[in-house]
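These are my notebook entries on one model.

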Amino acid sequence: MSDERTFIGVDIGGTKIATGLVRGARVLERISLPTLADRPKEDVLRQVFASVDLILERTGHSLGEIAGIGIVAPGPLDPQTGELLYSPNIPALRDVPIAHLMRERYGRPVRVENDANAAGLAEALFGAGAGYAHVFYVTVSTGIGTGVILGGKIYGGRTGMAVEAGHVTIDYEGPLCNCGHRGCIEAFASGTAIARRAKEKLRHATRPSQLLDLVAGDLNAITPIVVGEAARRGDSLALEIVEETARFLSIWLGGMINVFDPDIIVLGGGVSQWGDLLFPRLRELTPTYSILPRAAEIAIVPARLEADVGILGAAALFATP
């Protein structure tokens, strides 16, 4: 992607739409609007259009100066047709031809991609994966999103919808996942699952825990960030949750290594903020769950582009043919 060209990146999330003006690896201007995910489709689309209009207005750019508009959203979606098929977090956006609508309104080239795939591309081009040919990207937040970058390009499979690896089962008798299946890694190690496990443990705890102190006794206020803070203070129950999460992720990542044999694994999302509580254990455990003899050589590192990864990923869609 030439530093000469300017793009608009739009990251449609469940709670907010982050939109930015991008040149090279820099976000020159950014805004955030609420998604209004509980409203009808027309209201959500109006927010998307408003975010682009505001970026143009604030930066004084004309449409003729914009080389393209990239849009990322939670899947499943069809990057070949530019259609948003369905998103559990934004139910109104079902079967929406977003690329067509954006081209019709703005008259610029438009590309659409799954948000995790695009984030993986951004990390591969500009972030922690820069310089590596084959990158496996994971974001562990409310859910678990994944993207595979092979030779600098997103691997999308036959239909462009491949690598929904957060819904790979590691225990067919495990907890029910939001996707309707049991035992997905998302049901074990996502931020939602971590908070759920913490609450269950606290309800049956026979020992005091700083987790309760940190949330003033409100179990519903427990998040992975709170778990991480309690673990840093030496809380045994929080440390147990971190260790369990590291093992769940390592079992799954070992399988991903068996399938993709990447150069590097880049881990983002809120859980990556556990830092040294998590990454040394992932590096230690993950190779033991892979059959590849050189699995221990694969770097496992935190993502670098957390704040702007969606916007940069949307713009980066124009970096490859």
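Which cysteine sulfur is closest to the sulfur of Cys 179, and how far away is that sulfur? I found the sulfur of Cys 184 at 3.7 Å, which is too far for a bond.

Before going on, I noted the ground rules. The model is predicted, so I kept in mind that local features need pLDDT of at least 70, that side-chain atom pairs count only at pLDDT 80 or more, and that totals for chains, interfaces and linings use all residues. Residues are numbered from 1 along each chain as its sequence is written, and side-chain values use heavy atoms, with hydrogens and water left out.

**Cysteines**

I counted zero disulfides in the structure; the criterion is a pair of cysteine sulfur atoms within 2.5 Å. I then looked up the exposure of both residues, taking buried as under 20% relative accessible area, exposed as over 50% and partly exposed as in between, with a 1.4 Å probe and protein chains only. Cys 179 is partly exposed at 35%, whereas Cys 184 is buried at 1%.

Helices (H or I, at least four residues) and strands (E, at least two) are DSSP runs numbered from the N terminus. Strands pair if DSSP finds at least two bridges between them.

I read the order of one open, five-stranded sheet as β10-β9-β8-β11-β12, with mixed pairing. β10 (153-154) and β12 (299-302) each have a single partner strand, so one side of each lacks a neighbour in the sheet. Five bridges join β8 (134-140) to β11 (264-268) in the parallel sense. Within β11, I found Ile 265 as the bridge partner of Phe 136.

For packing, contact means heavy atoms within 4.5 Å. Axes are lines fitted to C-alpha atoms, for helices over the stretch in contact, and angles between N-to-C directions run from 0 to 180 degrees. Helix α3 (115-126) touches β8, β9 (144-150), β10 and β11, at about 50 degrees to β9. Helix α8 (236-260) touches β8, β9 and β11, and makes about 155 degrees with β8.

**Sheet with β1**

I read the other order as β3-β2-β1-β4-β7, again an open sheet of five strands with mixed pairing. β3 and β7 (110-114) are its edge strands. Neighbouring strands are turned by 20 degrees against each other on average, direction ignored. β1 (6-12) and β4 (68-73) run parallel and share five bridges, and Ile 8 stands opposite Ile 69 in β4. Helix α2 (98-106) packs on this sheet, touching β4 and β7, at about 150 degrees to β7. I also found α3 lying across β1, β4 and β7, at about 100 degrees to β7.

**Cores**

A nonpolar core is a set of buried Ala, Val, Leu, Ile, Met, Phe, Trp, Tyr and Cys residues joined through side-chain atoms within 4.5 Å. The largest has 42 residues, and Phe 136, Leu 211, Val 227 and Trp 252 touch the most other members. The largest share of this core, eleven residues, comes from α8. Leaving aside neighbours within four places in sequence, I listed the contacts of Trp 252, among them Phe 136, Val 138, Ile 144 and Ile 185. A second, separate core of 30 residues includes Ile 17, Ile 90, Tyr 106 and Val 110.

**Loop residue**

Is Asp 38 buried or exposed? Asp 38 is exposed, at 73% relative accessible area. I placed Asp 38 in the loop between β3 (26-34) and α1 (41-59). Gly 14 is 24 residues from Asp 38 in sequence and 9.4 Å away in space, C-alpha to C-alpha.
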